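Hello,

Here is the structure I said I would pass on. My notes on it follow below.

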2 protein chains.
Amino acid sequence: MRELAVGIDLGGTKIATGVVDGEGHVLCRIELPTLAKEGPERVIQRMEESVYRVLQQMDLSLADLEGIGVCVPGPVEAGSGVVKNPPNLPGWQEVPLLSIMREKFNINVQLENDANAAALGEHLFGVGKGIENFIYITISTGIGGGVIAGGRLLRGESGGAAEIGHMTINFEGPTCGCGNRGCFEAYASGTAMARFAREGILAGRKTVLADLYKKEEVRAEHIFAAAREGDEFARELVEKEGFYLGVGLANVVNAYNPRRIAIGGGLTKAWDMFYERMLKVMRETALAASVENLEVVRAVLGQDVGVIGAASLIFH
Amino acid sequence: MRELAVGIDLGGTKIATGVVDGEGHVLCRIELPTLAKEGPERVIQRMEESVYRVLQQMDLSLADLEGIGVCVPGPVEAGSGVVKNPPNLPGWQEVPLLSIMREKFNINVQLENDANAAALGEHLFGVGKGIENFIYITISTGIGGGVIAGGRLLRGESGGAAEIGHMTINFEGPTCGCGNRGCFEAYASGTAMARFAREGILAGRKTVLADLYKKEEVRAEHIFAAAREGDEFARELVEKEGFYLGVGLANVVNAYNPRRIAIGGGLTKAWDMFYERMLKVMRETALAASVENLEVVRAVLGQDVGVIGAASLIFH
């Protein structure tokens, strides 16, 4: 009989839950709204409900599972499994999610932050397969990362290792959501791109984005689209994005010396527009010996990375 | 019978070799000049000679040893044990030191870069004892580091992990010896302090260091001494040094989430002058959850750290 686990990807807007087999295939998947503002108790009830619903759909019971893996959009205290205060889950402060879930289900439950889980998922079932020193980085509204070092997830003392998005790349730079200045995330996330666009527009730069800005919020995807159509200001922003990504990746390379880096998240939809510049800057900036055999590739698990990553906590 | 190993600390100016017991005590120690300009072959001969001399002094033979550990001032390729081109050993390019030493001695030989070996030495026998997530940082002419993660030395794919000195803290900053801009080392090493002093003096700053500069090279120790005596410019430099160290440490914290960081190297002689500012900036800059239980302390193995660290490669 094949191994099965349930993976729960708790996000700021939705809870995605799936049954995953030991080869990383998602056999069944549902989504419920998170409705974070209703508070932890109600959200956890919906997580519980989602598990029973996927089990029912496949005519399974808890006894058929190796366990339940859960990933959350924020820091998890290693060991205790207490969820600290994730910015995307207002009202969650020090929620002992691991022990609550273990009590509810009385089977093996594992918990990680989403970037770590995604790194493990890509390591077991995606582009990190068989790569002992592997890093997964997600670039979307924020920047997160997970590090596999010597085949093991790098957690650090309390689960706070690999906070790649909050490594300083310019201590004189813009203020980040974390309070620090010049974090990688404050330069290279989709949110940062949008902020740079807004600043340029308000400073009077000629760009098609200026017209858009009057009607709606300018997002990274608009900038990439405008750059494709030849808008000069948008092209500059994309050029800078490649530079910032290159500098941030170089820090990652000098910190961990990985064999392969996989990049996921929303911004990879425009992969072809920043890849070359990012790679060039990374190679110029990082120590030569560490980039010699390094590969930087797109992550492959796509929108299922959360569910598969969560389940991989059980299969690891 | 107690375990014994020989540790060889190959430096740019001297070779320090000692017999170390399984509790990290240096039982006997000699120093020979490196004379790096004579080339790898002659230097390796002196390393060999140093081993036989310490053995003779203690009336031991190779058979009494668990092995020989060697540390070198530059990158070592993990696995192959090839020494890349250390800036302090001119003429050393791709020297297969590990296999040469193994052939010469025909016993267990281990090789690491000096910062990694020092981290392991402090982890086994110093302030990192029993600390599973521990980081050693040396601040002198350069900045180096070694990371113990989950009780194991973090090497990365080819031995290039934990290149802490070359993590970017300001991509618009001064050029570093590695070719990159704004490395931690380019801001916070003793060499960087001296450069900032020189720049200020040449820009006409009033300081006692200006008189010194006419006679000899201004070094970090002069700056600390002048600051102690109330020199305003020197105080500014020390204040900045604390800031840069704090920013660099915060990067280290966000990358590895250690339980304890030990700092060694020449600049720690002025520990009391930068410690408070460094710690304050680090705490403000790093993610709050990761600094909660973090300790930053001085390394304790002192000038023996190289010999003990090298020997600890055998005891690990």
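**Sheet, helix pair and chain contact**

Chain B has an open sheet of 5 strands, in the order 8-7-6-9-10 and with mixed pairing. Strand 8 (152-153) and strand 10 (295-298) of chain B are at the edges with a single partner strand each, so one side of each has no neighbour in the sheet. Please keep in mind that this is a predicted model.

Within that sheet, strand 6 (residues 134-139) and strand 7 (residues 143-149) of chain B run antiparallel and are joined by 6 bridges. Ile135(B) has Val147(B), in strand 7 of chain B, as its bridge partner.

Helix 7 (residues 220-228) and helix 8 (residues 232-256) of chain A pack with their axes 8 Å apart, at an angle of about 120°. The crossing of helix 7 of chain A past helix 8 of chain A is left-handed. On the helix 7 side the residues are Ile223(A), Phe224(A), Ala226(A) and Ala227(A); they meet Ala234(A), Arg235(A), Leu237(A) and Val238(A) of helix 8 of chain A. By class, this contact has 7 nonpolar residues, 1 charged and no polar.

The two chains also touch: 35 residues from chain A and 35 residues from chain B make up the contact. On the side of chain B that touches chain A, the elements giving two or more residues are helix 8 (232-256) and helix 10 (288-291) of chain B. Helix 8 of chain B gives the largest share, 6 residues. That side of chain B divides into 15 nonpolar, 14 polar and 6 charged residues.

Regards

Definitions and conventions:
Residues are numbered from 1 along each chain as its sequence is written. Chains are lettered from A and ligands numbered from 1 in the order in which they are written. This is a predicted model: local features need pLDDT of at least 70, side-chain atom pairs count only at pLDDT 80 or more; totals for chains, interfaces and linings use all residues. Two residues are in contact if their C-beta atoms, placed from the backbone, lie within 7 Å. Helices (H or I, at least four residues) and strands (E, at least two) are DSSP runs, numbered from the N terminus. Ala, Val, Leu, Ile, Met, Phe, Trp, Tyr, Cys and Pro count as nonpolar, Asp, Glu, Lys and Arg as charged, and the others, Gly among them, as polar. Axes are lines fitted to C-alpha atoms, for helices over the stretch in contact, and angles run from 0 to 180 degrees between N-to-C directions. A crossing is left-handed if the near helix is turned anticlockwise from the far one by less than a right angle, and right-handed if clockwise. Two strands pair if DSSP finds at least two bridges between them.
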